[in-house]
Amino acid sequence: RQNIGIVSQEVLLFAGTIKENLLLGKPKASDAEINSALGQAGILDHINTLPEGINTSIGNFGSGLSGGQKQRLAIARIYLKDPKILIFDEDRSAWDSETEEQIQIEWQGVLKGRTAIVIAHRLSSVLLCDKAYIMDRGKIIQSGEPNDLMADSGAFSHLFAIKEAEAVV
């Protein structure tokens, strides 16, 4: 478990402070490390506007926080933990495109030298990967480098052509 970090669509946060929730990733982290992780996750400015900053209490499941804020707290937890294996399961589902662009650059650095499993329907998430797999009914039907798969007329390019069309509508 020490070597694995997970950021999912449904973030698990506990009643307590923001700091206490982040310390699950690294129990002995300093406030400076926490603030750095929050900055990398793109949520430090918001946390600093809260009445007690990182010591602000949040309810079970992070009540009072938006879905994107919860996911960014989970990402900050990952930065603190610094695991060798990362699992991202629809972790950007609650982000707007502006937030995604802001964090995308940071992630390229985080992914270097690590194994990452990215479960995603957003092309921008998949393009961060060295290799992509398309599954249908539990079977891999196409695999390769994302840019090569986009140039192909297979399931990968078809899937993202549909997603892009839906985004325009």
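Good morning. I begin with D136, which counts as partly exposed at 36% relative accessibility, where partly exposed lies between buried, under 20% relative accessible area, and exposed, over 50%, with a 1.4 Å probe and protein chains only. The model is predicted, so local features need pLDDT of at least 70 and side-chain atom pairs count only at pLDDT 80 or more, while totals for chains, interfaces and linings use all residues. Residues are numbered from 1 along each chain as its sequence is written, and side-chain values use heavy atoms, leaving out hydrogens and water.

Let me stay with D136. Its side chain meets that of R137 in a salt bridge at 3.4 Å, N to O; the term requires a side-chain nitrogen of Lys or Arg within 4 Å of a carboxyl oxygen of Asp or Glu. R137 is exposed, with a relative accessible area of 77%.

How many salt bridges does this rule give? The count comes to 4. One of them joins the side chains of K19 and D31 at 2.8 Å, N to O. K19 lies in helix α1 and D31 in helix α2, so this pair ties together parts that are 12 residues apart in sequence. Helices here are DSSP runs of H or I with at least four residues, strands are runs of E with at least two, and both are numbered from the N terminus. K19 is partly exposed at 22%, and D31 is partly exposed at 36%.

The side chains of R114 and D82 form another salt bridge, at 2.5 Å, N to O. R114 sits in the loop between α5 and β5 and D82 in the loop between α4 and β4, so the pair ties together parts 32 residues apart in sequence. Both residues are partly exposed, R114 at 26% and D82 at 47%.

I turn now to the interior. A nonpolar core is a set of buried Ala, Val, Leu, Ile, Met, Phe, Trp, Tyr and Cys residues joined through side-chain atoms within 4.5 Å. Which residues of the largest core touch the most other members? Among its 28 residues, they are L22, I34, L38, I47 and L73. Two or more residues come from each of α1 (18-22), α2 (31-40), α4 (67-81), β4 (85-89) and α5 (97-111). The most come from α4, with 7 residues. In soluble globular proteins, nonpolar side chains tend to be buried together.

Finally, R122 lies in the loop between β5 (115-119) and α6 (123-126). R122 and F160 are 38 residues apart in sequence and 7.9 Å apart in space, C-alpha to C-alpha. Thank you.
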